[in-house]
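Okay, thanks everyone for coming. Have a look at the model on the screen, and I'll talk you through what I picked out.

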2 protein chains.
Amino acid sequence: MTLRLYGFWRSIASFRVRVALKLKELPFQEIPVDILSGDQFCSDYDAVNAERVVPTLVHGEHRLFQSLAIIEYLDDLKAEPRLLPSDPADRAYARSLALVTVADAHPLVTPRVRNHLIRMLGANAKSVEDWAGHWTIEGLATYERLLDRRPPAPFALGQQVGLADICLAGQIVGARFLKLDLTPFPRVAGLADQCFAMPAFATSHPFEQPGYKTTAAS
Amino acid sequence: MTLRLYGFWRSIASFRVRVALKLKELPFQEIPVDILSGDQFCSDYDAVNAERVVPTLVHGEHRLFQSLAIIEYLDDLKAEPRLLPSDPADRAYARSLALVTVADAHPLVTPRVRNHLIRMLGANAKSVEDWAGHWTIEGLATYERLLDRRPPAPFALGQQVGLADICLAGQIVGARFLKLDLTPFPRVAGLADQCFAMPAFATSHPFEQPGYKTTAAS
């Protein structure tokens, strides 16, 4: 059964799911939804996902949304390689690390939030960039403190790359969009380097997607 | 083994975990961390949770953080009553519903964000209230659209109350803090009413916590 991923080249949540699909070696077709142009609000897409966000993964009759829920579903769909550890405490820690960016850092820098700052609070481009930088650095600093207490070996949960590494790599993608200095976050940057040495991560990067290449060429 | 919950009366993430512990009938001791006064940044608490947020659940040597990860851990710790369904697609849907507030609506209205709007963008009290209202209504509207497509029966996933209902009830707690009109969201409000008819929800409400009663009396 073909998996279809509604995503967007620049979306970090789409990046996370793309990596998970590739680590699992699950073939999928990606359908772009231009969230910068507001295509997620069109009725066609609303019929796919009533939350009107990307990504959505379509698997047969199931339409799955929210990157974390999709990745957990993929772990149920195909057991190997496991993206979540089997030990309950380790599994909780993997989810906690994921949620540092999914629930705390990343929601604050999405296009809808940046647009709202401009429209409702009269923020200018510089303020919006400072805002995004502030919350992205907060997320990086949190990760650095956490990795200091439990150093990667070599991945966040040990030998096996998984959910936590995917989410942390996404935070680094966001930091690089903003050209932030990663020197204060050596453990985070080192872990991300290890991830991006793997084809599943490297080929999932926003700048490797057809949508980016079209945008950059235009 | 005693479970200890570091939480705060007003914290909606602490509310979620409190409900889950009570639905599971797991006894716990709650230790207040006053996040409005910044106690989460003290070194004592940083030693407990390097993310410096509430809640944290301490279970023996394990220190669990992020409400969603904690609730999943509780489902591993004590199987009944199950808070996540056993069918993979339903489990994904439960997590997606949870993440609508955990990852999209609620992160935008936390104290650290409201404080940052004031400090960095010069927002006044009215702008901050409008901001919180906007994102809370966005979350409610998303839930209403989702529940329209799959109506509660009687809970979000069917007969069994669980993770999705807990998170949705937390969104309603936030809406009531802001005194928002719930008339446009009858399915969400109806589901929350069913939840708060249960003692696990009612006694977990922020206004039922000792910290609120002390604040209100002072």
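This is a predicted model: local features need pLDDT of at least 70, side-chain atom pairs count only at pLDDT 80 or more; totals for chains, interfaces and linings use all residues.

Is B:Gln66 buried or exposed? It counts as buried, because its relative accessibility is 8% and the cut-off for buried is under 20%.

You'll find A:Glu25 in the loop between α1 and β2 of chain A.

Now look at A:Lys24, in the loop between α1 (12-23) and β2 (28-32) of chain A. A:Lys24 has a relative accessible area of 0%, so it is buried. What does A:Lys24 touch, leaving aside residues up to four places away in sequence? The list includes A:Leu74 and A:Asp75, and also A:Glu80, A:Pro81 and A:Arg82.

A:Leu74 and A:Asp75 take us to helix α3 of chain A, where both are buried.

While we're on loops, chain B has a couple of cis peptide bonds to point at. One joins B:Val54 and B:Pro55, with omega about 0 degrees, and B:Pro55 lies in the loop between α2 (43-48) and β3 (56-59) of chain B. Another joins B:Glu80 and B:Pro81, with omega about -15 degrees. B:Pro81 is in the loop between α3 (67-77) and α4 of chain B.

One more loop residue in chain B: B:Thr110, between α4 (88-105) and α5 (111-121). B:Thr110 is buried at 16% relative accessible area. From B:Thr110 to B:Leu99 is 11 residues in sequence and 15 Å in space, C-alpha to C-alpha.

Okay, zooming out to the annotations. The UniProt record, an unreviewed entry, puts "domain: GST N-terminal" at residues 1-82 of chain A. In the model that span is 35% helix and 22% strand, with its end C-alpha atoms 21 Å apart. The record, again an unreviewed entry, gives "domain: GST C-terminal" for residues 87-214 of chain A. Here the chain is 70% helix and 0% strand, and the end C-alpha atoms are 44 Å apart.

Next, the interface. How much area do chain A and chain B bury between them? About 4,200 Å², with 64% of it on carbon and sulfur atoms. Each side is listed with 44 residues: 44 from chain A and 44 from chain B.

On the polar side, the rule finds 14 residue pairs in polar contact across the interface, both partners at pLDDT 80 or more. On chain A's side, the elements giving two or more residues are α2 (43-48), β4 (62-65), α3, α4 (88-105), α5 (111-121) and α6 (125-149). Of these, α4(A) gives the most, with 12 residues. By type, that side of chain A divides into 25 nonpolar, 8 polar and 11 charged residues.

Last topic, salt bridges. One pairs A:Arg91 with B:Asp76, with the closest N and O atoms 2.7 Å apart.

Then there's a network of salt bridges linking A:Asp46, A:Arg52, B:Arg145 and B:Arg149. Inside it, the side chains of A:Asp46 and A:Arg52 meet at 2.7 Å, N to O. A:Asp46 counts as buried at 14% relative accessibility, while A:Arg52 is partly exposed at 26%.

And within helix α6 of chain A, A:Lys126 and A:Asp130 are 4 residues apart, about one turn. They form a salt bridge, with the closest N and O atoms 2.7 Å apart. A:Lys126 is exposed at 55%, and A:Asp130 is partly exposed at 34%.

Methods. Residues are numbered from 1 along each chain as its sequence is written. Chains are lettered from A and ligands numbered from 1 in the order in which they are written. Side-chain values use heavy atoms; hydrogens and water are left out. Buried means under 20% relative accessible area, exposed over 50%, partly exposed in between (1.4 Å probe, protein chains only). Contact means heavy atoms within 4.5 Å. Buried area is the accessible area (1.4 Å probe) that two parts lose on being put together, summed over both. A salt bridge is a side-chain nitrogen of Lys or Arg within 4 Å of a carboxyl oxygen of Asp or Glu. A polar contact is a pair of N or O atoms within 3.5 Å; within protein, one must be able to donate a hydrogen and the other to accept it, and residues adjacent in sequence count only if both atoms are side-chain atoms. Ala, Val, Leu, Ile, Met, Phe, Trp, Tyr, Cys and Pro count as nonpolar, Asp, Glu, Lys and Arg as charged, and the others, Gly among them, as polar. UniProt positions are given in the numbering used here, feature names are shortened, and annotations may be inferred rather than shown by experiment.
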